[in-house]
Amino acid sequence: MGIFRTKSVEDAIASTDEPGQRLKKTLGAWDLTVFGVGVIIGTGIFVLTGEAAGTRAGPAVSLSFVVSGIVCALAALCYAEFASTVPVAGSAYTFSYASLGEVVAWIIGWDLVLELALGAATVAVGWSGYAADLLDQTLGLDVPGWLYSDSPGPTQPNLIAAAVILALTAVLCVGSKTSARFNAVVVCVKLAVVAVVIVAGLFFVKTSNWSPFVPPTGSAGASAAPVTPSLWADLGVPLGTFGIGGVFTASALVFFAFIGFDIVATAAEETKNPQRDVPRGIFGSLAICTVLYVLVSLVITGMVRYDRISVEAPLANAFRDVGADLVATLISVGTVAGLLTVMMILMLGQNRVLFAMARDRLIPAWFSQVSPRRGVPVRTTVVTGVVVAVVAALTPISDLAEMVNIGTLFAFVLVSIGVIVLRRTRPDLPRAFRMPGVPVLPVVSAVAAVVLMGFLPGISWVRLGIWMVLGLLVYAAYGYRHSRLARA
């Protein structure tokens, strides 16, 4: 069938050299690793640690990070093989086009656009809240209501969130190398803050706070609010707060903390030696962040007993509880700085996915034009930046994290399957990195992603289904008839 036509790897690589659509190759392994660390270390390490420990896993939240890290590592093996074989912008979209067919590529591209846009908008709203609180705590400045709202809407927009998105859009328009340098500076700030948390926190750790390491099922936690219902719970699978079930439930929550390592693959086309450097960037950033997450979670649950840990600001409040107000302020500053790079790289990933789809003519070719001087798709960057800014200004934070999680896990499933398919259909392709244990490990990767998806609320599945139906209608109306393969 025409909807399952595939774009050959050779054609995908050849399209990167077309006049007016060449991305500038400026990035190396270090740049990619910093990009990955920049987007991964953010909301997860500064916020979700408290909720996961206090309401789900207790001190065993460190094991929850390990579980999520393993799921991501399995997917990372798949991404690394694809990125070294098909070093083209678009990440999972491009990989699916080369292995599973056009309609699957469209579905995953449509999914990634939603995931990355909502992710950037959500972080922008969260960032504005941190910024307003920091100004109030340190300078005594009360941000006026016409600039900021923690429940934004048409009558009271969050202009701070919109402004930060537009400012980062301008940085992205300058060029990938400049974006990488800006990201590197902010990442250094974040890593310094995380190091302070780990080193300074060790002096306040009480090992008695780690007992019991896995609290009994149903024991009291920091929040009386029930754990968000999941699909597994809807299907009758027994899950609860704390216990082993709590560890896995927390894994589905803290998975949000790992979102971003796959964005490294979207920059493959702008990498000098993608076959070597993209796998290094993916594994390097994932390994660094997993270790830091485990260490931070152990320190915080050692400083404050899990049933008294702060859900809203676990790191800063842990140090306030022990009288280290200066460290708490540094953490707040690190949070504000750290979320800047999360937003920027999420938008970078979204831009590159749309750019790849436009180059394949699944959406209007206007979006695929690259600035001759900057070497980046300025049109796509500006349009998506404005859209994300509007969403951030008018939309309150509600269930967006679940939507981002389910979209990412869905991409993991398709990429895992794609590795098996491409190994069978094109065994002749040169692969600078080969995933071990094919087909067993890719199957394990896909199953692990589906299992974690089951810990998300059933309504997230419904919303994803509605978005996908809308996307298929757009594909039928435009993409199917205008794609390059349709005209070949």
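User: To begin with, what share of the contacts in the protein with a separation of 6 or more comes from residues 24 or more positions apart? After that, please take me to the place where helix α7 and helix α13 pack.

Analyst: Happy to! Residues 24 or more positions apart account for 84% of the contacts in the protein that have a separation of 6 or more. Please keep in mind that this is a predicted model. Its mean pLDDT is 81, and 88% of the residues reach 70 or more. The protein has 18 helices and zero strands, and buried residues make up 59% of its 488 residues.

Now to the part you asked about. Helix α7 covers residues 159-174 and helix α13 covers residues 325-359. Their axes are 10 Å apart, and the two helices pack at an angle of about 60 degrees. Because of that angle, α7 counts as oblique to α13. The crossing in which α7 passes α13 is right-handed.

Arg361 is not a glycine, yet it has a positive phi of about 70 degrees. Its relative accessible area is 23%, so Arg361 is partly exposed.

Helix α4 (residues 61-85) and helix α5 (residues 92-99) pack at an angle of about 75 degrees, with their axes 10 Å apart. The two are therefore roughly perpendicular to each other. Here Tyr79, Phe82 and Ala83 in α4 meet Ala92, Phe95 and Ser99 in α5. By class, that contact has five nonpolar residues, one polar residue and no charged residues.

Thr33 sits in helix α2 (residues 29-40), and it counts as buried because its relative accessibility is 12%. Leaving aside residues up to four places away in sequence, Thr33 touches Arg280, Gly281, Gly284, Ser285 and Ile288. Thr49 belongs to helix α3 (residues 43-57), and at 1% relative accessibility Thr49 also counts as buried. Between the C-alpha atoms of Thr49 and Ala257 there are 9.1 Å, although these residues are 208 residues apart along the chain.

Some loops are worth a stop as well. The peptide bond from Ser211 to Pro212 is cis, with omega near 0 degrees, and Pro212 is found in the loop between α8 (176-202) and α9. Another cis peptide bond runs from Val438 to Pro439, with omega near 10 degrees. Pro439 lies in the loop between α15 (400-425) and α16.

Finally, a word on confidence. Helix α9 (residues 231-234) has the lowest confidence, at a mean of 62, while helix α16 (residues 440-453) has the highest, at 91. Over residues 222-227 pLDDT stays under 50, and for this stretch the model has 12 contacts beyond four places in sequence.

Key. Residues numbered from 1 in each chain as written. Predicted model: local features only at pLDDT ≥ 70, side-chain atom pairs only at ≥ 80, totals over all residues. Heavy atoms only, no water. pLDDT = per-residue confidence, 0-100. Helix = DSSP H or I, 4+ residues; strand = E, 2+ residues; numbered from the N terminus. Contact = heavy atoms within 4.5 Å. Buried < 20%, exposed > 50% of the residue type's maximum accessible area, 1.4 Å probe, protein only. Axes fitted to C-alpha atoms, helices over the stretch in contact; angles between N-to-C directions. Parallel < 35°, antiparallel > 145°, perpendicular 65-115°, else oblique. Left-handed = near helix turned anticlockwise from the far one by under 90°. Nonpolar A, V, L, I, M, F, W, Y, C, P; charged D, E, K, R; others polar.
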